[in-house]
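Here is a short note on the aromatic rings in this structure. Please keep the model open while reading the points.

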Amino acid sequence: MILFKPENTAFALERVRAIVGDALIDAGETPEGLFLQIERSALLRAIEGLRDDPALGFSYFLDITAVDRLQLSENDGERFLVVYQLLSPALGLRLELRVELPENDASIESLAGRYTGANWGEREVFDMFGIIFQNHPDLRRILTPDDYQGFPLRKDYPLKGHGERAAFPTYTAAAKPSPGA
């Protein structure tokens, strides 16, 4: 089990700031580690530095999600926020890496070539939010049918859907034969 080591946060934050440089928008501590918000153009440089720096060792890709901030009154940034969760076993820290994306260009470089665990997570974010992951090896829907129209977790998606639920295929389990039959 990896235990959170709060004494490593100041060291890691300073080291991360050196890697990301001017592309760092915001940074700070979380209850389990650090958060960083960086410019989209610096994503690959930041990821490679975080993963490959032996003093940091953010070698585990934990999760990815997105946030549609369309209707948030306190939102003063871009519409979408992509959020990555990384882990450094050596430091005992989690890192939340945030990148803003504008509505008119909701695309970002794929991390699937750097972390194999990013593959399906990026497909889910694409399927639910419509965010394009450039250079992804197999970017297609993973939760909804291939011909599905729209992105269900976008805030402008109708609450009752587009009426597509009536057209979803229905699956029923085959009846099991009774014992001894």
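**Aromatic rings and their partners**

1. R123 lies over the face of W120, at 6.0 Å from the ring centre. A charge counts as sitting over a ring if NZ of Lys or CZ of Arg is within 6 Å of the ring centre and within 35 degrees of the ring normal.

2. This is a predicted model, in which local features need pLDDT of at least 70 and side-chain atom pairs count only at pLDDT 80 or more, while totals for chains, interfaces and linings use all residues. Residues are numbered from 1 along each chain as its sequence is written, and side-chain values use heavy atoms, with hydrogens and water left out.

3. There are three aromatic pairs in the structure. Rings of Phe, Tyr and Trp (its six-membered ring) pair if their centres lie within 6.5 Å; planes under 30 degrees apart count as stacked, over 60 as edge-to-face and the rest as tilted.

4. F61 and Y84 form an edge-to-face pair, because their ring planes stand at 70°, with the centres 6.4 Å apart. F61 belongs to strand β3 (residues 60–68) and Y84 to strand β4 (residues 80–88), so this pair ties together parts 23 residues apart in sequence. Strands (E, at least two residues) and helices (H or I, at least four) are DSSP runs, numbered from the N terminus.

5. F61 counts as buried at 13% relative accessibility, and Y84 counts as buried at 0%. Buried means under 20% relative accessible area, exposed over 50%, and partly exposed in between (1.4 Å probe, protein chains only).

6. F61 also pairs with Y115: the centres are 5.6 Å apart and the planes at 40°, so this pair is tilted. Y115 lies in the loop between β6 (107–109) and α3 (118–129), 54 residues from F61. Y115 is buried, as is F61.

7. Which residues form one aromatic cluster? They are F61, Y84 and Y115.
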